[in-house]
Amino acid sequence: MNISNIDLNLLVAFDVLLREKNVTRAANHLGITQPAMSNSLKRLRTLLNDPVLVRTSDGMAATERAATLAPKIRKILLETKEALQTVEDFEPQHSTRVFRLMASDYAASTLLPKLLEKINRIAPHITIDIMTPSDVTFHDVEDGKIDMAINLFDQLPQSFHQKVLWQDGFSCLTRSSNPILENFDLDSYLASKHVWVSKTGFGVGLGMDPKDVHNLGLVDEALAEINKQRDIKIFTRNYHLAMQLAHDDQIIATLPKKAAMVHKQDRGYAILDVPFCIPDIELKMIWSPLLHHEPSHIWFRHLVDEVAKQC
């Protein structure tokens, strides 16, 4: 195959078609007509001597060859975009740049207040657009539409750059008048009622099943390891709400320690050591290779890392 005879726009069309698996949606994504997208698919089929997408009972699906090519072509496109980026000087004190940041509620409870305070002090004209995990996808980050995502990630695409901001253990948060404080151990922990809070990764969360221990996260998996199970009465994906609910003297919230310590000066709360072992978690920031060498992004990453070290 002579590469000089290949229209490189077809690689862009291939990438979007493999992601959307729908000609109309792919056309909308690229801002072209549906017939033009159909023609690109026809040309791809001729070029690759492969159907690329085939119709199934569940809609369009990628062929085996197309699925194998997809990550390779995406890498080529990302590296091409990165190589052609315009590099400009960055002066944070004068910049009016908008940084789009996806942050989990855990990060919003612990890291963001100090980060925003510092940005307001040293770069007062910069704007921060904060989104939740359900607002964005991995593709938004990979395409550079989102400057950074900060969360507890289960799995990540290999194309992303990433950095661990900190490791955190767990604490129990409850009302300071909770009678359990007189003799807090594993038995009294298990005899209490609990609020569950967790949200990792991207996308819209699904309803939880209290009996499905292995999908409940680190706290309940750690209890399962010692053949124990807590009495979960409330499920939430919001750390602020979980901490509010822990102000009830009948409820315990088992949270990452840095989240619990938000209330260390509040006499209405008590912060307790967890009476069993739970593996530590890692808060990470991730970003697209398209932004890796961009001066304003480098400044922003260093600032986030610096603030995280102070938390």
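Tutor: What follows begins with the whole protein, turns to the aromatic pairs, and then moves to the surroundings of one of their residues.

This is a predicted model, in which local features need pLDDT of at least 70 and side-chain atom pairs count only at pLDDT 80 or more, while totals for chains, interfaces and linings use all residues. Residues are numbered from 1 along each chain as its sequence is written, and side-chain values use heavy atoms, with hydrogens and water left out.

The protein has twelve helices and twelve strands, these being DSSP runs numbered from the N terminus (H or I and at least four residues for helices, E and at least two for strands). Its C-alpha atoms fill a box of roughly 80 × 55 × 30 Å, taken along the principal axes. Of the 311 residues, 44% are buried, where buried means under 20% relative accessible area, exposed means over 50%, and partly exposed lies in between (1.4 Å probe, protein chains only). Among contacts between residues at least 6 apart in sequence, 77% join residues at least 24 apart, a contact being heavy atoms within 4.5 Å.

A pair of aromatic rings is described by the distance of the centres and the angle of the planes. Rings of Phe, Tyr and Trp (its six-membered ring) pair if their centres lie within 6.5 Å, and planes under 30 degrees apart count as stacked, over 60 as edge-to-face and the rest as tilted. A search of the whole structure finds nine aromatic pairs. In one of them, the rings of Phe-99 and Trp-299 have centres 6.2 Å apart and planes at 35 degrees, so the pair is tilted. This pair links distant parts of the chain, since Phe-99 belongs to strand 3 (residues 98-103) and Trp-299 to helix 12 (residues 295-310), 200 residues apart. Both Phe-99 and Trp-299 are buried, and together with Phe-90 and Phe-300 they form one aromatic cluster.

Another aromatic pair, formed by Tyr-189 and Phe-276, is edge-to-face, with 5.2 Å from centre to centre and 70 degrees between the planes. Tyr-189 lies in helix 8 (residues 186-191) and Phe-276 in the loop between strand 11 (269-273) and strand 12 (281-287), so the pair ties together parts that are 87 residues apart in sequence. Tyr-189 and Phe-276 are buried as well.

From Tyr-189 the picture can be carried on to Arg-230, whose contacts, leaving aside its neighbours within four places in sequence, include Tyr-189, Leu-190, His-194 and Trp-196. Arg-230 is found in the loop between helix 9 (218-225) and strand 9 (231-236), and it is buried, with a relative accessible area of 6%. A polar contact of 2.9 Å joins the side chains of Arg-230 and Asp-220; a polar contact is a pair of N or O atoms within 3.5 Å, where within protein one must be able to donate a hydrogen and the other to accept it, and residues adjacent in sequence count only if both atoms are side-chain atoms.

One more buried residue is Asn-178, with a relative accessible area of 8%, which lies in the loop between strand 7 (170-175) and helix 8. Not counting residues up to four places away in sequence, Asn-178 touches Asp-249 and Ile-251.
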